[in-house]
Amino acid sequence: MRRAYARAGVSPARVGLVEAHGTGDPADDAAELQALTQVFTEAGAAPGSVTLGSVTARIGHTGGAAVLAGLIKTACALHAGVLPGAPHITAPRRDWDPETSPFVFGDRARPWPVPPAERYAGVNGAGFHAVLAARAGAPEPVSGQDAWPAELFLVRGADRAAARDRLDRLGDLAATGARLRDLARTCAADDGPVRVAIVATGPDDLRAKIAAAREFRAAPGVFTADPAAGADPGRVAFLFPGPGGMRPGALADLFTAFPRLRRLLRLDGGRHAAAMFPPAAFTPEDAGRQRAALAGVRAAQPAAGIAGLALHRLLTELGVRPDMAAGHGYGELVALCAAGVFGEDDLMAIGAARADAVLAAAGASGGVSGGADPGAMAAVSAALGEVRAALSGVGGVVVAGHDAPRRVVISGTTAAVERAAAELRRRGLAVRPVPAACAQHSPLVAGASAVLRAELGRRDLRSPAFPVWSNTTAAPYDGDPGELAATLAGQVAAPIRFVEQIEAMYAAGARVFVEAGPERGLAGLVGEILGDRPHTAVACDAPGGGIEGLLCALAGLAVAGVPVDAAALFAGRDARPVPPSAAAPGWTVNGHRVRRVDGGRPTTAPTTGATMDADRDVRPAGAFPPPAPPDADAAEAAVLEYLRATRELVAAQREVMLRFLGAADDDGDDRAEDGTPAAEPLPAEALAAEALAAESTDVLRRATAATVPEPRPCPAPEPGPQAPGRDAGRAQAEPPTPRPAPEPETETEPETGAEPAGAAPARQVVRMADLPPLPIPRPSPDGSTAAAS
């Protein structure tokens with residue numbers, strides 16, 4: 001291993017993934033883990049910085065192919081930017097120390113947030129270790145995986161009858177055995193209003209949901225459009241939640257399936273990705289520590305911002321765009337960032353300044369304020385009037401938020417909140433504590449407003465691209481940057497008027513509410529606020545979450561009339577539309593027998609209906625007409641054409657060779673031995689052959705002129721019987737010349753002065769092996785191109 005990393009020029013401390021050999025033998029695994037730990041610890045790898053896995057945990061040990069399987073897995077992980085999970089590991093080895101070991105395990109696939117130029121991985125085998133790296137400067141792939149756990153089917157039609165016909169065609173195509181993503185891609189190419197949407201996890205699930213969809217009956221995974229609804233779905237509002245809904249691993253499937261979102265994980269130096277997507281927790285204590293690491297305001301708020309921006313970007317790329325937006329608490333900053341008021345880096349900086357200012361104002365900044373009470377918060381299930389009546393006699397506590405008709409949040413000092421909770425319970429109202437770092441949205445944190453106002457003054461604020469509604473005023477933010485900054489700075493200490501805000505947005509035309517964040521807290525609040533009034537509220541992280549949750553949200557939006565570009569879901573996923581003519585095969589042939597697709601024996605021919613024995617007659621007699629006899633005239637014409645073309649080719653080749661060897665004499669009198677004229681001139685079709693021969697001879701002469709001496713005529717052939725013709729007459733007209741004795745071959749050219757006087761010069765035929773190489777064009781200093789041999 002040390003030699004491998006030294007030759008690669010990569011320190012093990014820079015490696016993020018190691019593919020272990022993992023034989024499954026206790027002694028072998030212990031030795032491998034010990035060696036890996038020693039090498040990586042010596043190199044300075046931080047605890048928990050390297051994901052360790054083995055493909056043998058999924059496919060078993062494949063002997064000699066195990067290392068190759070590991071190489072393939074690691075190369076795919078580097079390309080896709082994914083840290084593969086090892087869900088089969090339920091209890092790691094006892095000699096693995098999670099506190100000091102550089103290695104951790106993943107229970108699911110997690111995004112690899114570093115850019116491609118910083119991705120390094122190691123593959124370990126029996127006496128083998130390879131260091132792999134992603135291609136520096138390579139862009140992120142369009143898609144992280146081809147096969148998804150679920151697919152979206154948007155069935156369109158002018159009316160329900162047309163949609164039912166398309167459902168029937170979809171069922172026929174599904175019977176062909178086509179891949180699920182190909183079937184979904186076929187539906188995405190249709191046009192017209194969406195009448196029904198299906199989210200299916202497999203072929204059987206699709207067939208079952210098609211049956212429910214044909215009756216336009218809503219069911220899990222089946223969404224139907226309201227036939228009484230108009231064509232205009234109303235205005236679309238995006239809602240960005242605060243950090244309360246964040247949980248470890250939230251939206252991990254979306255960050256791995258859509259690699260272009262991983263750029264957001266590198267915001268703020270990429271230090272929030274580890275808390276958002278932690279490794280596997282093998283004990284309840286480990287899981288609790290991971291939740292606590294994400295619950296802190298300094299970690300939860302930027303994580304919520306990254307998640308909200310990722311969903312906003314993804315939804316807009318899929319055709320879902322907001323007409324207005326709002327947030328809840330910190331989510332208001334995310335909404336303003338999505339509207340272009342400030343950039344993504346500014347969001348991280350403003351959020352960090354906001355968190356520090358709130359904690360400092362509440363006396364919860366790590367004991368700097370001398371241990372002052374940071375305050376507490378609680379949620380009450382009651383109407384706002386009931387809560388205010390109960391709090392009238394309790395000091396030090398205020399209403400911090402009105403989230404739903406019967407959901408109120410109170411905030412204040414810890415002692416005051418406890419007294420208020422006791423009074424509320426005495427009146428028969430349900431109260432539960434709210435996990436919070438301090439008494440937010442109360443006078444206890446009013447001092448943070450000035451700090452945040454100063455931070456906003458250092459930023460380049462712009463007018464929002466679409467209206468963003470404020471928690472404080474229940475109205476859109478002012479377009480003037482100064483007024484906007486003042487309202488946003490005061491929001492940290494003011495109560496959240498979420499009920500009034502949603503009512504005002506509904507009055508402004510909002511009918512579709514999309515929660516762009518984890519969980520479905522805000523979508524549920526909208527349902528409680530609006531009740532039976534016409535509206536649609538969807539959450540992108542619906543129960544089940546991941547890709548299936550996103551597809552369910554898109555299905556709900558599509559049947560509500562919101563434009564959804566379903567074709568964008570298949571970019572880079574090797575998804576192809578299924579041809580309409582595709583049908584299930586009637587027979588299968590395995591080389592010696594024929595069977596129907598159901599395994600039975602066919603008894604009749606498919607075209608004629610003739611009775612047949614499938615084990616003997618693969619093609620029964622009479623099933624196909626005998627072939628027609630060939631046309632004699634056509635066959636003869638084909639043969640004549642072949643002979644004519646061959647004659648022209650041979651003539652052209654002959655002329656080329658004669659001209660190159662210098663044996664052709666165009667000035668001589670071509671007469672036969674008996675003095676009769678030579679043959680008639682060549683027909684017109686041979687003239688092209690002579691032209692080709694002349695051109696080819698000229699090319700050959702130019703190719704050898706620089707290095708080969710001019711050919712000299714060959715000695716006359718020995719006299720002998722010869723057929724009459726133009727060459728025969730020329731040969732007998734010249735006296736025979738004695739053939740010179742052969743001389744040994746040398747590497748130098750023969751000197752012409754050494755030939756006998758009066759003897760005809762010998763013909764030197766250049767062999768292909770003797771030809772020098774063609775000159776190589778090389779650039780000259782003046783910029784021109786010269787030929788160099």
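Which residue stands opposite Met324 in β12? In this predicted model, the position opposite Met324 of β12 is taken by Ala237. Met324 opens strand β12, which spans residues 324-327, and the neighbouring strand β11 covers residues 235-240. The two strands run parallel and are joined by four bridges. A further pairing along these strands links Leu239 to Ala326, its bridge partner in β12.

Ala326 also has a bridge partner in β17, namely Trp469. Strand β17 consists of residues 468-469.

The pairings belong to an open sheet of five strands, arranged in the order β17-β12-β11-β18-β19 with parallel pairing. Because β17 and β19 (536-539) each have a single partner strand, they stand at the edges, and one side of each lacks a neighbour in the sheet. Helix α12, formed by residues 331-338, packs on the sheet and touches β11, β12 and β17. The direction of α12 makes an angle of about 155° with that of β12.

In a regular strand, side chains alternate between the two faces of the sheet. In β12, Met324 and Ala326 lie on one side, with Ala325 and Gly327 on the other. These four residues are all buried, and both faces of β12 are therefore covered, buried being under 20% relative accessible area.

Key
Residues are numbered from 1 along each chain as its sequence is written. This is a predicted model: local features need pLDDT of at least 70, side-chain atom pairs count only at pLDDT 80 or more; totals for chains, interfaces and linings use all residues. Side-chain values use heavy atoms; hydrogens and water are left out. Buried means under 20% relative accessible area, exposed over 50%, partly exposed in between (1.4 Å probe, protein chains only). Two strands pair if DSSP finds at least two bridges between them. Contact means heavy atoms within 4.5 Å. Axes are lines fitted to C-alpha atoms, for helices over the stretch in contact, and angles run from 0 to 180 degrees between N-to-C directions.
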